[in-house]
Amino acid sequence: MADVEIRKLIEDRLSKVPKKFQKQYVSRTRRREVEEIRCRMCGTPIAGMMPIDTGRVEKEGSEKMRVIPMAFRMFGNYRQVQFRMDDGAFYEPPVCADCAKKVTLEDGEYLFACHLNEMMLSGASKIRLVDQFGYQIKEYLGVKK
Ligand SMILES: [Zn+2]
């Protein structure tokens, strides 16, 4: 399959997806580190950098400043929902606790189309794209975490 064909197939699939799903859900720092993950359905933050303690005061010359160590954490509203693909593989997109209660099979298809598009935009190999493109969402299994 040519690159143009794959692109067209993914874009066709994406064209059926409501706009609310077609958003950036990962923010990165200038160094390309993940800074925040938002719910793939509503955009609420579900993971990001958080202080791991109250920090300590450090002196730099005559200046004093509080240094607070940060770490990437899943927030309390982080959930993963689980779909089964037609080949038996799982697809587990992250969403917020509220959206996890109302996810449908159709949402899974939208989320998966966005996932394919993101893979394409991030320059995933053609082999991986063709391989994943063949999959269809078959069943919704519920909230995993
Ligand atoms: Zn949500």
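Visitor: How do you know that the span of helix 3 (residues 105–121) agrees with its 17 residues?

Guide: The expected span is 1.5 Å times one less than the number of residues. For helix 3 that should give 24 Å, and the end C-alpha atoms are 25 Å apart, which agrees. This is a predicted model, so the values are computed from its atoms.

Visitor: What is the pLDDT of the protein, and where is confidence lowest and highest?

Guide: The average pLDDT is 89, and 99% of the residues score at least 70. Confidence is lowest in helix 4 (residues 126–133), with a mean of 74, and highest in helix 2, with 96.

Visitor: Why is Tyr110 called buried?

Guide: Tyr110 lies in helix 3. A residue is buried if 20 or more other C-beta atoms lie within 10 Å of its own. Tyr110 has 22 C-beta neighbours inside 10 Å, so it counts as buried. Leaving aside residues up to four places away in sequence, Tyr110 touches Val17, Pro18 and Phe21.

Visitor: Which other residues of helix 3 are buried, and what covers them?

Guide: Besides Tyr110, the buried residues of helix 3 are Asp107, Gly108, Leu111, Phe112, Ala113, Leu116 and Met120. Their cover includes helix 1 (3–15), strand 7 (78–85), strand 8 (90–91), helix 4 and strand 10 (137–143). After helix 3 comes Gly123, with a positive phi near 80°.

Visitor: Why is Arg32 called exposed?

Guide: Arg32 has 7, so it is exposed. Its place is in the loop between strand 1 (26–28) and strand 2 (34–38). Arg32 also has a positive phi, about 70°, although it is not a glycine.

Visitor: What makes strand 4 (residues 56–60) lie largely in the open?

Guide: The number of buried residues among its five is zero, so strand 4 lies largely in the open.

Visitor: How do you know that strand 4 and strand 5 (residues 63–67) pair?

Guide: Two strands pair if there are at least two bridges between them. Strand 4 and strand 5 run antiparallel and are joined by five bridges, so by that definition they pair. Lys59 stands opposite Lys64 in strand 5. The hairpin of these strands has two residues between them, and Gly61 takes a positive phi there, near 65°.

Visitor: What makes strand 1 and strand 6 (70–74) the edges of their sheet?

Guide: The sheet is open, with four strands in the order 1-2-3-6 and antiparallel pairing. Strand 1 and strand 6 each have a single partner strand, so one side of each is left without a neighbour in the sheet. From one strand to the next, the twist averages 25°. Within this sheet, strand 2 and strand 3 (residues 45–51) pair over three bridges in the antiparallel sense, and Gly48 in strand 3 is the bridge partner of Glu36.

Visitor: Which residues make up the largest nonpolar core?

Guide: There are nine: Cys39, Met41, Ile46, Val81, Val95, Cys96, Cys99, Ala100 and Val103. Strand 9 (94–96) and helix 2 (97–100) each supply at least two residues of this core. Another core, of seven residues, lies apart from it and includes Ile10, Leu111, Phe112 and Met120.

Visitor: What does Val95 touch, not counting residues up to four places away in sequence?

Guide: Val95 touches Cys39, Arg40, Met41, Arg79, Val81, Ala100 and Val103.

Note on methods. Residues are numbered from 1 along each chain as its sequence is written. This is a predicted model: local features need pLDDT of at least 70, side-chain atom pairs count only at pLDDT 80 or more; totals for chains, interfaces and linings use all residues. A nonpolar core is a set of buried Ala, Val, Leu, Ile, Met, Phe, Trp, Tyr and Cys residues joined through C-beta atoms within 7 Å. A residue is buried if 20 or more other C-beta atoms lie within 10 Å of its own, exposed if 12 or fewer, and partly exposed in between; C-beta atoms are placed from the backbone. Two residues are in contact if their C-beta atoms, placed from the backbone, lie within 7 Å. pLDDT is the predictor's confidence in each residue, from 0 to 100. Axes are lines fitted to C-alpha atoms, for helices over the stretch in contact, and angles run from 0 to 180 degrees between N-to-C directions.
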